[in-house]
Structure formats: structure tokens, C-alpha cells
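Welcome! Have the model open beside you, and try each exercise before reading its solution.

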Amino acid sequence: MISKSTRSVAGQVLVFQVALVVLLVACGVFALILQSERDTSAEAKRRSTAVAQTFAHSPGVLAALQTPDPSKILQPLTEAARRAAGVDFIVVMDTKGIRYTHPLPDRIGKRFVGEIGPSLAGKVYVESVNGPLGREVQATVPIENADSDVVALVSAGMKVKNVESQLARQLPIILGAGAGALALSTGVTALVGRRLRRQTHSLAPDEMTLMYEHHDTVLHSVREGVLIVAADGRLILANDEARRLLELPSDVEGRLVSELPGLDPETKELLDSGREATDEVHLAGERLLAVNQRPTDREGGPKGTVVTLRDSTELQAVTGRAEVARERLRLLYDAGLRIGTTLDVLRTADELARVPIPRFADFVTVDLADAVLRGEEPAPTATDMRRAAVYGIQDDHPLSEQGRLFDYLPSTPQARGYGSGRSQLVSDLPTATGWRVQDPERAKAIIDYGIHSLITAPIQARGVMLGMANFWRAQHHEHFNEEDLSLAEELVARAAISIDNARRYTREHALAVTLQRSLLPQAMPEQNALDIAYRYLPAQSGVGGDWFDVIPLPGSRVALAVGDVVGHGLHAAATMGRLRTAVHNFSALDLPPDELLSHLDDLVGSIDQNEAAESAAGVVGATCLYGIYDPVTRRYVMARAGHLAPALVQPDGTVTFPDVPAGPPLGLGGMPFQTAELCLAEGTQLVLYTDGLIEDRRRDLDVGMELLRDALAGHPGRPPEETCQDVLDSLLPERPKDDVALLVARTRELPPDRIADWDVAPDPAAVAGMRGAVSRRLEEWGLSEFGFTMELILSELITNAIRYGAGPIHVRLIHDRTLICEVADASSTSPHLRYAATTDEGGRGLFLVSQMAERWGTRYTPQGKVIWAEHALPEALRQPAPTPPGADTPPDEDAC
């Protein structure tokens with residue numbers, strides 16, 4: 001606090017005043033000491049001289065000097081006089097300086113220490129010497145006779161030590177008086193400094209200087225008016241800017257605010273009330289003043305108010321323009337955020353129509369070339385323009401509805417803007433005529449509705465004209481101007497890129513979807529083993545690699561396949577087509593599911609190796625589930641390569657997920673695939689699907705499986721078509737992130753009366769008996785007209801089995817959509833078709849079979865092989881698909 005106080009003006013004044021008082025008191029004390037010392041010395045000399053003169057003229061001194069022993073008479077007299085006069089010695093001596101008296105008797109008779117010449121001349125002589133008593137101050141006077149002759153001398157004096165002791169006795173009084181004066185002066189100075197400190201608020205000199213500089217700046221330089229009003233309403237201070245703004249006279253200080261000339265009544269009321277105000281706008285002549293008023297006694301200051309005045313006349317206009325610019329920037333910023341959120345042309349056009357309302361326009365219509373909506377290149381003229389979006393502040397507007405097709409006439413602003421690529425401004429629609437030619441009745445309705453202004457801005461991106469955006473204003477806005485035209489152009493330019501991106505995406509997506517759908521099954525093949533229903537949904541981000549297939553196999557069997565290729569786009573779709581083709585080719589070999597997947601795995605591996613150098617996008621990671629259903633035995637054999645296991649819906653509505661050995665995804669190699677064999681009751685539904693159906697970022701895989709179980713369970717007898725739709729509705733969002741393939745197959749059983757089985761002895765003589773048995777069965781089925789052909793085919797196949805195969809030999813005849821005969825034996829040797837020479841005796845049997853049968857082939861079983869042949873039947877003789885049992889019909893398990 002001391003350090004802080006000494007930095008202030010009051011503190012420094014106090015220090016200076018105390019130092020001055022101390023100096024003055026010290027000088028006074030020193031002067032008193034000198035004066036006392038001088039006075040004491042003078043008093044000692046005066047006393048010594050007076051004592052010496054008095055004794056020299058004392059009666060009896062001359063008489064005593066004439067006696068024979070002057071010392072005897074004079075010594076007592078001098079000692080008595082010394083003690084009475086308060087001196088230290090009185091010495092009487094002769095004219096030669098020999099002492100007659102002395103306070104020290106042993107000094108009598110000795111020579112006087114001092115100068116006696118002046119005294120012998122009749123003068124009084126005062127001096128300071130080192131005498132017998134020490135340092136002495138002595139006065140020597142002559143003793144004269146009646147003739148005025150000097151007959152003796154008298155010296156009286158005092159020791160200097162005694163003189164100084166007198167001064168020392170006076171010194172405490174002098175110092176006490178000085179200390180009192182110092183204390184009194186310091187107290188008075190402290191009171192003055194305290195008052196000065198209150199008045200200066202303990203400010204330092206540089207702060208005081210800065211304060212006065214600020215004060216001068218506020219008064220004369222600052223470009224904001226400042227008024228200080230006392231509590232009684234009198235104006236204490238008004239700076240130059242306040243005088244200028246309020247046009248105040250020069251003698252305004254000290255006058256009441258209510259008496260100031262030229263002030264607006266509201267301004268006077270505000271200044272006189274003393275209430276707080278923040279940026280209140282008041283009139284001062286032709287000026288608009290922003291007034292702020294605050295009390296001055298918040299920090300303990302005097303009561304009153306301080307008022308600041310700011311000329312906001314020009315600021316109001318600038319603020320209005322800045323607000324308009326800020327609103328436009330905010331509109332463009334919102335457009336960047338809200339336009340182009342999807343790659344859908346119509347959605348993007350709708351976003352463009354919604355953003356400017358109601359801040360920029362009352363109604364917005366977006367017209368796009370019809371080819372743009374299909375992803376194609378638009379025409380060079382404003383024909384075939386489709387209204388893609390229309391939006392406004394009200395729904396009862398007379399503007400054309402969404403979806404309408406236009407052929408704009410050349411006189412319309414839309415046609416001019418589309419052809420020139422420049423925006424068109426029609427600031428006053430009622431007086432313009434060119435736009436009315438398109439539809440006079442609707443134009444009249446638009447004007448009657450109150451729409452008065454139009455801006456037509458072309459939507460163009462990358463040098464392609466896509467359409468037009470029309471901005472309409474009604475009574476809620478002023479007419480469009482040139483500044484509005486530039487804003488509309490920038491707004492549409494931001495949306496044009498998004499619309500063109502959506503157009504390009506639409507084109508690419510359509511191409512990819514077309515490619516993928518061409519690679520997927522276009523229709524289900526005719527067969528009687530399964531009731532089939534399927535769904536394929538492309539992903540929101542584009543087509544993917546999910547696929548499925550239903551492949552009829554010999555013996556009325558049907559192969560079901562479903563797979564997934566990692567990724568999306570044309571590459572995934574093309575890869576899917578290659579895999580599906582490969583599965584068809586391998587199925588033609590009638591391979592078991594595990595062997596087919598092994599061959600497919602090798603194929604994928606070779607594809608990856610061949611494409612590694614050209615592209616980093618391989619096929620590794622593709623999955624597949626392949627299974628074969630036999631309606632004769634109701635057995636379903638399947639294997640999977642990294643794919644999800646199917647779901648089985650039993651005829652009673654219960655759902656299970658069979659435990660199928662999970663092989664690695666295709667292309668990895670190194671691990672064999674394993675099969676699982678199931679015996680299915682008739683009416684069981686096989687549900688094959690890809691991971692897009694159950695996987696989602698918002699839920700775990702187990703949750704998706706349970707949702708699938710819930711969607712399938714509890715609906716016995718539900719048709720596959722309904723099952724597909726219910727599953728998709730239950731599990732998929734509106735716009736799935738991944739593509740989905742779903743295949744639902746309900747099993748059927750071939751009736752026993754359509755199947756004939758025989759065991760054949762390995763003897764050529766047994767062939768004739770088999771021909772007879774086959775003829776009788778064909779006659780029972782009403783197919784006797786095909787007896788000769790089937791007898792010939794069976795004869796050749798059985799003869800080959802007896803001659804080249806191994807027993808046991810089994811023959812099976814199946815009446816389905818075709819007439820199928822199968823000959824099975826225990827040999828794995830496959831017959832080969834060859835052309836016999838004219839000289840050969842044999843080798844023509846399989847050639848006859850191939851000519852007479854629709855198709856034939858060989859498939860291998862764990863017990864050997866089966867050679868089969870199919871004979872086509874007319875439509876009228878084909879057996880219809882068997883009706884599946886009802887939900888209440890118990891399944892037949894004996895066939896398995």
C-alpha cells in the first residue's frame with residue numbers, strides 16, 4: 001500500500017512535503033544551535049570583560065597592589081569575586097605578567113598565559129588560550145592609577161568546556177521544539193495529502209496526465225457525443241461532438257436540460273429522467289441519434305448520468321444493405337446444405353424449389369428436360385420439358401402441376417433462357433405479353449392471383465442445358481430486380497451440379513440395373529418339384545453382386561443357388577453374371593453340391609489371378625449356397641461357401657436354421673466343401689437369402705436372424721409369394737443400403753403312381769422282360785404311343801449297363817413333365833457317344849438314344865452312376881404339378 005500510495009500524485013506530494021518539513025526543521029535546529037553557540041560565546045566574553053573591568057576599578061585594588069605582598073590581600077578578593085561572578089578565574093598580574101592571584105595557588109608568581117600588550121596600552125583584550133585550566137576564554141583589562149598609568153592587569157575568564165556545557169543544556173529544548181514543529185508540519189501535510197488523494201483517486205502522475213489527455217480527447221476529438229448531466233438535471237459537460245449533433249450553444253454548461261434549445265421532447269424527457277437507455281433512436285433535426293444513458297453513481301461517484309450520442313443516419317442505410325447481403329449469403333449457405341442430399345433427380349429438383357421460399361420467392365417451379373429424368377442427354381430446345389417440382393407459400397396457386405409436359409414457345413422467357421443460356425427477368429408480369437402466349441387462360445389466372453414478377457434461370461452444368469428454374473413473386477415481396485437476378489443465377493448454379501450428378505447417376509444406375517437384371521433369371525423354369533417365389537432389390541447406392549438361380553436337373557430334380565459378390569456397381573454385376581454362368585455350366589455336368597463349389601472356387605481363383613495385373617478389384621470374398629432337391633426322395637443336399645445357412649419353414653409353421661458346414665468364401669481355396677443332406681416333408685419352405693436381408697449397421701446379425709425367424713414363423717400354408725413380401729416388409733427399411741436376393745421354394749413330392757422301379761438281373765435275357773414291363777406301365781399312364789421309343793432307349797441303356805457296368809442294376813421310369821428313364825449300376829465308367837463307321841458291327845446304341853431322346857446324360861452317385869434319358873411329351877400329356885398338402889395334412893416321413 002505504501003508503494004502504491006507513493007506512486008500516486010497525492011503520495012508523491014506527501015513525500016515531498018514531509019521531506020521539505022524535515023529539511024526546514026533540521027535547518028532551524030541547526031540555526032538555533034549556531035545561534036545558541038554564538039550567544040553563549042558572546043555571553044562568556046561579555047561576562048569575562050565585565051568581571052575583569054569591575055574588579056580592576058574595585059576600591060582597594062590599587063592599595064593592595066602597593067603593599068609588599070599583594071597576593072595576600074588580592075587572592076581572597078579574587079576568589080570571592082570569581083565565585084560571585086560565575087567565572088572560572090580572576091587573575092591579577094603586574095605589568096610584566098607575573099600573577100598575583102589564580103584559582104590554582106601554585107600558579108601564583110608565574111607568568112600569565114596570554115597576550116598582555118594591548119592591555120598595557122590601555123585596551124581591553126579578549127582572547128582564547130590554552131591556560132592552566134585548559135582551553136579558556138579570557139578578557140584582560142588594565143588597572144590604572146590616578147595618573148592613568150597602567151600599574152597592573154586583571155584577567156577574568158571562563159573555561160571553554162563550561163561554555164559548551166551551557167550550550168548542551170539548551171540543546172534538548174532546541175531539539176524538542178524542532179521535533180514538535182516537525183510533527184505538527186507532518187500531520188498538517190498528511191491531512192492535505194489525504195484530501196488530495198481523495199480528489200485525485202490515488203492516480204499516478206502519468207495516469208493523471210493520461211486522464212487529462214483522455215478528457216481532452218473526449219471533449220474535442222472523439223467522434224461520439226458525450227453529455228454529463230447532474231442529479232438536478234443541469235448539464236455539467238458537453239463535448240464538441242455533442243454540441244455539433246445537438247446544435248447546442250457555447251454557454252450550455254450549467255443550464256437545465258429541459259431548457260436546452262432545439263432538443264426533441266423525447267430526448268429531453270430521456271435526459272431529464274435519468275433512466276438507463278441502450279441504443280435508443282431519437283431525432284435531432286434531420287439526424288437519427290443512437291442514445292445510450294447510464295448512471296454515474298454505480299462506483300460511489302456523484303449522482304447523475306452520462307449520455308453518449310452516435311449519428312446512425314447513414315448506418316441505418318448501410319445496416320439495411322448488410323442485412324440483405326447477410327440474408328442472401330445465408331440463403332446460399334442453406335442451399336449448399338439442403339440441395340443435392342440424394343442422387344435422385346426429382347428429389348433434387350424438389351429441394352431446389354423449397355429452399356428459396358419464402359425468403360426469396362413466393363413460388364418456385366422447376367422444369368427439366370424429359371430426357372434428364374431418364375438420365376439421357378437433353379434436347380437443344382425447350383421442348384418436352386417436364387415440371388419436376390412446384391412449391392409455394394400456398395397450395396391454391398394457379399401454376400401448372402407437377403408432372404405436366406411443356407413445349408415452350410419461342411416468345412416465352414423459358415424458351416429464350418433455355419436457348420441462350422442466360423437468365424430472363426420479367427419484373428412486371430401484368431404488362432409483359434410474350435409469356436402469355438404459352439397459355440393465356442393460365443396467365444390470366446396467375447395475374448389475378450397476385451403474382452407480379454418472374455425470374456427464369458437456366459439449369460446448366462458441364463455445358464449441358466438441363467432445364468429451367470422459375471421464381472415467382474406475389475404480394476408478399478417487391479418486384480424482382482437485377483440484384484435478385486444474380487442471386488437466382490448463383491442459387492441455380494449450385495443446384496445444377498447436383499441435378500446433373502443425379503442425371504448421370506440415373507443413367508449409370510439404369511445401365512447397371514439393366515445389366516444386372518439381364519444377368520438374373522428373367523422367369524422361373526417350368527418344373528414340378530418346387531413352388532418358387534423370389535425378390536431382388538438393388539441397393540440405394542447402386543446395383544450389387546447378389547444373385548440367385550433355379551436350375552432344373554435330370555430326374556425331376558431342381559438345383560437352388562444363391563450368392564453374393566462383394567462390392568457394388570458394374571464390376572460386381574458383371575462378376576455375378578460370370579459366376580451364375582459358371583454355376584449353370586457346372587450344373588449341366590450334374591455334379592454334387594460340394595464338387596460344384598470346388599470347381600467354382602477354382603474358377604474364381606483363376607479369375608483373380610488373371611485380373612490382378614489389370615485391376616485391384618478381385619472376386620475374392622464371393623459367397624454361394626448350392627443345393628439340389630429331389631421330389632422323388634424329398635431329399636435336399638446342399639453345401640455353402642461362406643454363405644448364410646438357409647431357413648426351413650416346416651408345414652406346421654415352425655422355423656429352423658439347419659446346421660450346414662460352412663466352407664470358406666470362393667477364391668480362397670485350400671479347404672474342401674462339405675455337404676448336408678436333409679429329408680424335407682412335403683410343403684416345407686426353403687428360404688435362401690443374401691446378407692443384405694438381415695445385416696444392418698443398426699443391429700447385430702443375431703438380431704436380424706431372429707427377425708427373420710419371427711417373419712417366417714406361425715404361418716402354415718402361406719404361399720411363397722406372400723412369404724417373400726412379408727419378409728421384406730418386416731426386415732428391410734424403405735431404402736436398403738445393400739442389395740437383397742430372396743428365394744422361397746415350397747417343396748412338392750412326386751406321387752408314387754408316377755414312378756416305376758425295377759431291379760434287373762445282369763443277364764441280356766432280362767432285357768426282353770423289361771421291355772414288356774415298361775410297355776405295360778406306359779399303357780397304364782396313357783403313354784402307349786411312346787412305348788416303342790422308350791423300349792428301344794431302355795434296351796440300349798440296360799444292355800450297356802449289363803455289358804460294361806457292374807451289378808446291381810436298377811431301372812426307374814418317371815412320368816413328370818417329361819418321360820424319364822434311368823438305369824443305375826455300380827460302375828463309375830461313363831459311356832461316350834461316338835460315330836460308328838459303316839464297317840463297325842456295334843457302337844451305335846448311344847447314338848440312337850441321343851437321336852430318339854430329347855436329352856440324355858450321366859450322373860454319378862456314391863454307389864456308381866446313373867444313365868438317364870428324357871423324352872418330351874405333348875402339352876396335353878404332361879403331368880401337372882402335384883397339389884401341396886394342406887396345413888392339417890401330416891407330413892409323410894416314410895419316403896426318406
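A residue counts as buried when its relative accessible area is under 20%, and as exposed when that area is over 50%. Keep in mind that this is a predicted model.

**Exercise 1.** Find which residues of helix 9 (residues 265-273) are buried, and which exposed residues lie on the face turned away from them.

*Solution.* Start with the buried set: Thr267, Leu270 and Leu271. These residues sit on the same side of helix 9, because they cover an arc of only 95° around the axis. Next, turn to the opposite face, where Pro265 and Glu266 are exposed. Finally, look at the partners of the buried residues: strand 5 (225-230), strand 7 (277-284), strand 8 (287-295) and strand 9 (304-311).

**Exercise 2.** Work out which elements the buried residues of helix 19 pack against.

*Solution.* First locate helix 19, at residues 720-731. Its buried residues are Pro720, Thr723, Cys724, Val727, Leu728 and Leu731. Their arc around the axis is only 125°, so they lie on the same side of helix 19.

**Exercise 3.** Describe how helix 20 (residues 766-780) and helix 21 (residues 787-804) pack.

*Solution.* Two packed helices are described by the angle and the distance between their axes. Here the angle is about 145° and the axes are 9 Å apart. The crossing of helix 20 and helix 21 is right-handed. By class, their contact has eight nonpolar, four polar and two charged residues. Among the residues that meet are Val767 and Leu778 in helix 20, and Leu794 and Ile798 in helix 21.

Notes:
Residues are numbered from 1 along each chain as its sequence is written. This is a predicted model: local features need pLDDT of at least 70, side-chain atom pairs count only at pLDDT 80 or more; totals for chains, interfaces and linings use all residues. Side-chain values use heavy atoms; hydrogens and water are left out. Axes are lines fitted to C-alpha atoms, for helices over the stretch in contact, and angles run from 0 to 180 degrees between N-to-C directions. Helices (H or I, at least four residues) and strands (E, at least two) are DSSP runs, numbered from the N terminus. A crossing is left-handed if the near helix is turned anticlockwise from the far one by less than a right angle, and right-handed if clockwise. Contact means heavy atoms within 4.5 Å. Ala, Val, Leu, Ile, Met, Phe, Trp, Tyr, Cys and Pro count as nonpolar, Asp, Glu, Lys and Arg as charged, and the others, Gly among them, as polar. The expected span of a helix is 1.5 Å times one less than its number of residues. Buried means under 20% relative accessible area, exposed over 50%, partly exposed in between (1.4 Å probe, protein chains only). The arc is that of the directions from the helix axis to the C-beta atoms.
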